[in-house]
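Here are a few notes from my look through your model. Have it open while you read.

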Amino acid sequence: MFLAYASQSGAAGFVDRSLYLPREWTNDPSRRAEAGVPQEVTFANKIELAKRMLHRAFAAGIPARWVAADSFYGRSHQFRKWLEEHGRPHVVGVPKTNAVRIGGRRKKIERLAERLPERACSLRFFRRQMPAIDAPGSG
């Protein structure tokens, strides 16, 4: 797993990385020894590893205004809640069948998306909201 940073000017780079080890590996002494996995390394799921990397980046003063993640992390209520508790704006992919709390009620994302005007999902809208999309070197 890795954590990367991209600035508004288009500069980007890797900030942190973490090796995900399945529980089968962390619970198998002979496999650990053969691979050279230190004893202090214990099982941590991918969500926990991501939170640890983000915590280190925030503690180091990385000037991230928001966090982006794919739907693996976005579908985790625990991960989204952790970001909210730490005051970190975020945009994460989520399956359309997920439900979110709005106005104290849970609503399916696909139902909410159906109500959005077509212009809400236009590239022009995103360019206005996130100028870094048009930054040199941003693709």
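How do the residues of the lining of the second largest pocket divide into nonpolar, polar and charged?

1. Ten are nonpolar, four polar and two charged (nonpolar being Ala, Val, Leu, Ile, Met, Phe, Trp, Tyr, Cys and Pro, charged being Asp, Glu, Lys and Arg, and polar the others, Gly among them). A pocket here is an open set of points on a 1 Å grid over the protein atoms alone where a 1.4 Å probe fits, with protein on both sides within 12 Å along at least five of seven lines, and lining residues have an atom within 4 Å of a point.

2. Before going on: this is a predicted model, where local features need pLDDT of at least 70, side-chain atom pairs count only at pLDDT 80 or more, and totals for chains, interfaces and linings use all residues. Residues are numbered from 1 along each chain as its sequence is written, and side-chain values use heavy atoms, with hydrogens and water left out.

3. Leu19, Leu21, Val37, Val41 and Thr42 lie nearest the centre of that second largest pocket.

4. Six salt bridges turn up in the whole structure (a side-chain nitrogen of Lys or Arg within 4 Å of a carboxyl oxygen of Asp or Glu). One of them pairs Asp16 with Arg17 at 3.9 Å, N to O. Asp16 is buried at 13% relative accessible area, while Arg17 is exposed at 61% (buried is under 20%, exposed over 50%, partly exposed in between, with a 1.4 Å probe and protein chains only).

5. Lys51 forms a salt bridge with Glu48, with 3.6 Å between the closest N and O atoms. Lys51 is buried at 9%, and Glu48 is partly exposed at 27%.

6. Arg80 is buried too, yet has no salt bridge: Glu84, the nearest side chain of opposite charge, is 5.6 Å away (Lys and Arg count as positive, Asp and Glu as negative; His and the chain ends are not counted).
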